[in-house]
Amino acid sequence: MKAIFNDYCNYVYIIAATKLKSCGTAEDIEECVSDVFTEVFKKMNYLGDREGDLKGFIGVIAKRKAIDMYRKLSVKAYRTVSAEDEGIMEISSGENIIESAEMSERNSILLNKIKELGEPDTSIIIKQYYYNMTVAEIGKAISMTAAAVQKRSVRARQKLKNMLCEVGINY
């Protein structure tokens with residue numbers, strides 16, 4: 001744990017500082033870094049013996065924790081801006097809220113449908129597309145041959161496509 005902390009502390013600090021620089025103090029950033037490593041050490045068993053994915057794993061957790069901290073700090077600050085203020089255009093993020101909401105809803109439905117596939121199909125799809133594992137790595141992780149994993153993946157994707165079509169999502 002100490003080696004992981006020493007190797008990735010600066011990396012996590014940069015991610016946290018980048019996200020929190022507009023609303024957080026140095027103490028907030030340090031708290032975020034601590035929260036990240038707490039989460040990393042809690043979830044280390046999910047990673048297994050795949051060392052190549054450690055930096056990405058830590059980076060994702062750091063980004064998510066920093067975003068959560070940003071939201072928490074932004075609510076505390078409670079800044080209001082007049083709609084008549086000339087600087088209002090500088091504040092807008094350019095994000096399409098409707099599109100973001102639709103994408104979030106679609107992702108939620110997709111995840112629920114993946115979970116409905118049942119094991120081991122759920123694990124295969126998540127490991128294949130979320131963790132970018134090869135069929136050989138997945139097979140080793142869930143005690144199946146690579147060929148069996150490949151076949152289950154093809155069938156699971158077809159089943160998932162049909163399930164999504166039933167709820168009106170076509171890819």
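The model is predicted: local features need pLDDT of at least 70 and side-chain atom pairs count only at pLDDT 80 or more, whereas totals for chains, interfaces and linings use all residues. Residues are numbered from 1 along each chain as its sequence is written, and side-chain values use heavy atoms, with hydrogens and water left out.

**Whole chain**

The order along the sequence is α-α-α-α-α-α-α-α-α.

Next, colour by relative accessible area. Of the 171 residues, 26% are buried; buried denotes under 20% relative accessible area, exposed over 50%, and partly exposed the range in between (1.4 Å probe, protein chains only). The protein exposes about 12,000 Å², of which carbon and sulfur atoms supply 53%; the areas come from the Shrake-Rupley method with a 1.4 Å probe, and for residues only the protein chains shown count as cover. Among contacts (heavy atoms within 4.5 Å) with a separation of 6 or more, 63% join residues 24 or more positions apart.

**Helix 2**

Select residues 26-42. Helix 2 has 17 residues and reaches 25 Å from its first C-alpha to its last, close to the 24 Å expected at 1.5 Å a residue; the expected span is 1.5 Å times one less than the number of residues. Show the side chains of Asp 28, Ile 29, Cys 32, Val 33, Val 36, Phe 37, Glu 39 and Val 40, which are buried in this helix.

Which residues does Asp 28 touch, beyond those up to four places away in sequence? They are Leu 20, Met 69 and Leu 73. Asp 28 counts as buried because its relative accessibility is 15%.

**Aromatic pairs**

Now display the rings of Phe, Tyr and Trp. The structure holds four aromatic pairs. The ring centres of Tyr 8 and Tyr 11 are 6.4 Å apart and the planes stand at 65°, so this pair is edge-to-face. Rings pair if their centres lie within 6.5 Å (the six-membered ring for Trp), with planes under 30 degrees apart counted as stacked, over 60 as edge-to-face and the rest as tilted.

Both tyrosines belong to helix 1 (residues 2-20), three residues apart, about one turn of the helix. Tyr 8 is buried at 16% relative accessible area, while Tyr 11 is partly exposed at 29%.

Move to Phe 37 and Phe 41: their ring centres are 6.1 Å apart and their planes at 35°, so the pair is tilted. Both lie in helix 2, four residues apart, about one turn of the helix. An α-helix has 3.6 residues a turn, so residues three or four places apart point the same way. Phe 37 is buried, with 4% relative accessible area, and Phe 41 is partly exposed, with 24%.

**Met 144**

Finally, select Met 144, in the loop between helix 8 (135-142) and helix 9 (146-166). Met 144 is partly exposed, with a relative accessible area of 24%. Leaving aside residues up to four places away in sequence, Met 144 touches Pro 120, Ile 124, Gly 139, Val 149 and Arg 152. The C-alpha atoms of Met 144 and Pro 120, 24 residues apart along the chain, are separated by 9.8 Å.

Conventions: Helix = DSSP H or I, 4+ residues; strand = E, 2+ residues; numbered from the N terminus.
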